[in-house]
Structure formats: C-alpha cells, structure tokens
Amino acid sequence: MIAVIGLLGVTSMITLTVTGATVQALGYTSLSRAGVQANAAAESGVDAMLAALFADDCPASGELEATQGSIDPSLTGDEAADPFYLSTIAYRISTSAAWTPGCPAEAATQIRIQSTGFAADQGVSESSSGQDASAVQAVYQWVPGANSAAVTGAAVFSYGVPGLSNSLELLSFDGNAANVIVADGNIVCSNSVYVEGDIVAANGNISLNNTCSAGGKVWASGTVTLQGNKTIGGDIIAAGTGTTSIDPSTRIGGGVYARGEIDSWGQRCTSGATGWDAAGDACSVGRNTGASPVFYNRTDVVAPTRPPWVDVNFVASDWQARGWTVRTYTGPCNIDNNGKNNSQVVAFSTYTTPTVIDMRGCSSLTISTSANYTLNMRTDLTFITPRTVNLENFTVTSQGNIDRALRFITPDTVADARPTTTGCGRFDINNKNETRDAIAIIIYSPCTIQNSNQLSWRGQYYGGRVTFSNNSEVVYVPIGIPGFDLGNGAGGPGGAGAVGGTPTPGTPGDLIEYTDIDVPA
C-alpha cells in the first residue's frame, strides 16, 4: 500500500510538472505569437504612412489608423473593431530642431514616423501583456518637391523698356515657355536674339529686327514691325490701330491678327487681292510668310493684359514663418580674393537649411571683381541686397546636384504697384557668370538689371528694367518668391505656355534610422 501511495505521489508530481511546463510553453508560444503580430502591425503602419506621403496624401490629422477588421474581413463584432496600428508623422527643419507633429512643412529636411501595432491574438500568460502591442520609429530624409515655393512669373518681366540684343538666347525648360513680358513701353529687339516663348508688349509696340525670332507669339497692344530674316512660331497679334509691317522673308507659324492695316513689300498674290492696297498686302503676307489666317482692320483684336508691378518688401518674420533662418550679414561688401575667405562668406556654402542673408548693411555689393568666386549651395539661399549690386566671375553649384533656388532680392519698400527707383544704382551681371548643376536663380529689383558678356544662367528675372547684351544664355526655370504672386507669365488671358506647371510634392528620401521604441502610454 505504501508503495502504491508513493507511486501515486510520484505520478502526481510528474503530472503537475508536465502540466506546468505545458501551460508555460503555451504562454510563451502565445507571447511570441502576439509579439510577432504586434511588430508586423507596427511595421505596416510605417509602410502605410510612407505610401500616403509618396501619393501626396498625408493625412491632415498627421495620423493613420487601421482596425483588425480592415486587415481580416472574416472578423466581426468587437474583434473587428480592435485596433491594428496607429501611425503618426512629424517633421523637423534641421537636425538640431525639435520634432513638429503633422505633415511635412515646406522647410522640412527630415520626417519621423512612429507606429504602434496591436496583436490580433493576445498572449494568454500574465507576463504576455507587454507583447500585445509593439512600437517602431522610422526617420527619413525629406526631399522637397520641385517648385514647392511660389512658381509664378515670366522668364523675363520688365516693367519698363527692355534691352534685347547681341546674341541672346532665352530658352524653355521642362515645358515652361520662356516668355518676355513688358508692362509699359516698346520692345525693340535686334541682332541674333531667340526667345523660345512669347514676346509681349502690354502697353507698347514691338519691333523685331535682323534675326530676332520668337518660338511663340508676338503680341502688342500697339503695332508690330518685323524686319529681316526671322521665324515666329506662333501668332502675330497687333491690337493698335496703326500699321503693322511684315518683312516677306519672315516665317510665321500661326496667323496674323491686326486691328489696323498691314504693310508688306513681298510678292503679290496672283489672284484675288492682287493690288497694292491693304487687301493685297494682307494676301501677300500669307503667301510669303506662311501665316494663316491673315486679318486686318479687325476691331475684335484684344490687347494683352497689362500686369501690375508686384512690390516685394522684406519682412523677416514672414520668411521665418515659412521655416527660413534669417541672418544679418556684417562681412565685406567686396567678396573678392580677400573677402571670399571671410568666415561669414565661407558660411554661405555650409548652410543646410533654407537661409536668408540680409546684406543691406552694405551700401553696394560686389561679387567678385578679382576672384572667380564659386558658391557651392547645400540648401536654398536668399540674399537681400542693396540697390547697387555687381556680379562678375560668379559661379553657383549644388552640393549633390540637388535642385536648389538662389534668390537675389532688392526690396521695393513702397507699396504703390510701381517700381520704386529712388536711390537706385544697377544690378549688373557681367563678365562670365554661370549656374551649374540644378541651380536656378531669380533676380528681383525695382532698379535696372543689366546682363552682359558670357552669361550662362538658369532662372528668371523680374525688374524695373531688364536688359541683355553680348552673348547671354538664360534657361527659364520658374522659382518665384515665397509669399508673392508674380503673375501668370503669359501676358494675358488664354496665352499659351503660361507659367510653372503643377508643383510636384515632396517625398521621403533615404532611411536614416529604424528602431523599436517603447509603446506610447
């Protein structure tokens, strides 16, 4: 009997041990299963937020969430309503800045996604509760969208009479027509000029001489005069009542629409309007230039819309509100062989977040009369300049060949919709200035902007008066000025190739960090 009782005791102990081990194993197994499910759910939340960002569909709340039922349609009731993940987005404008919850701002350089995932099958042991939820954090570079700032304005906007001469090429890029718009005054163009866009005089006449050509239309509120061998890709539109003159050697890809009469001295038509009168001249223009149709004495010809001058003043707080750092420059006003080694000048090429440099402490600014100064940009930069600036032997490059915007702004401090020229010198760009890589530049000044001598540039101009001479090449890349609308870039309603195109959104870049984190309380 004693032996039997002992055997039962041993058997009971073995049973309890096996049962305990089995329960413990089941608990451990459920714990592992819950942990795997929760971690997979957390990673799914990161992937979902990334997908939303790439689709330019960042949630306005900065949060994405999913339920177990949205993942497994077979679940019903309370189980289906249980959370699957909760994913949140934050951004910062520099590595030293605090994280700001929400969708990336224009100035963002990094984004952080934090995601908490929840297990569908919770652990059965008391110790398993910590594995029912799991959280991960992913940090990515943020690549800003192209044209994410204000993308407005023509390739060249000159409020007053411009200068277009001597081997100028104004070229289009990425579908943006390189239009020239003059608000007030006549346009006289001569000597090997090609504008790959429209030439528009909103309050004046247009005269294109010698080999001055346009890829788009030529549109004047007054008359148009075409002399010499040239090609016009679009329409000739003359809304003035005077006589429009067209050289028979001109090639016109569109039609001619004149409010007044047309004068031509080409070969006459052999039938129909064959005389030396207005009808005969119009017929001759069509026969010799290829223009179609050719209309004259039309009262329905519309003048271009005269754009107002946009007064751009400098308000530091407005730039700071958009994520820019504002710095006051106290370095040398001549950045040449001596000045280029100044610590403040060297710093231009070290900034990694969008920065405004206020240089108005200089009465005039020169870069760089005796040194080929190269600015290697690591971020967007804006220089606030005095009313006299000279750029000479100035080269701009981009670190990493990333699209960057460089702005030179001479503020217009009087809000009267006219260029304020009091105290003006000139913004002089001369003697081999060039942009390389993906840099685009805008020059804004109410004063005269003078370009000459081996200019190779990407960007746009907005000036009280803009002139070109002597071997200039400008590729139109519209970057505008944040917070300001510089116009539609086309000179009036219905103008072809109006400006800018649709801005492209920013996207996540390289992965910087991917770690497990504590589950938020």
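This is a predicted model: local features need pLDDT of at least 70, side-chain atom pairs count only at pLDDT 80 or more; totals for chains, interfaces and linings use all residues.

Me: Where in the chain do cysteine 58 and cysteine 103 sit?

Reply: Cysteine 58 is in the loop between helix H1 (2-54) and strand E1 (63-67). Cysteine 103 is in the loop between strand E3 (100-101) and strand E4 (110-118). They are 45 residues apart.

Me: Which hand does the disulfide of cysteine 58 and cysteine 103 have?

Reply: Left-handed, because the torsion about the S-S bond is about -95 degrees.

Me: How many disulfides does the structure hold?

Reply: Five. Counting bonded cysteines along the chain, they pair 1-2, 3-4, 5-6, 7-8, 9-10.

Me: What about cysteine 189 and cysteine 212?

Reply: A disulfide joins them, S to S 1.7 Å. With 90 degrees about the S-S bond, the link is right-handed. Cysteine 189 lies in strand E10 and cysteine 212 in strand E14, so the pair ties together parts 23 residues apart in sequence.

Me: Is cysteine 189 buried or exposed?

Reply: Buried, because its relative accessibility is 0% and the cut-off is under 20%. Cysteine 212 is buried too, at 0%.

Me: New topic. Where is serine 284?

Reply: In helix H4, residues 278-289. Serine 284 is in contact with residues including Ser264 and Cys269. Its C-alpha is 6.1 Å from that of glutamine 267, 17 residues apart in sequence.

Me: What pLDDT does the protein average?

Reply: It averages 85, and 87% of the residues score at least 70. Over residues 147-151, though, pLDDT is below 50. It also stays under 50 over residues 492-503.

How values were computed: Residues are numbered from 1 along each chain as its sequence is written. Side-chain values use heavy atoms; hydrogens and water are left out. Helices (H or I, at least four residues) and strands (E, at least two) are DSSP runs, numbered from the N terminus. Contact means heavy atoms within 4.5 Å. pLDDT is the predictor's confidence in each residue, from 0 to 100. A disulfide is a pair of cysteine sulfur atoms within 2.5 Å. Buried means under 20% relative accessible area, exposed over 50%, partly exposed in between (1.4 Å probe, protein chains only). Lists of a residue's contacts leave out its neighbours within four places in sequence.
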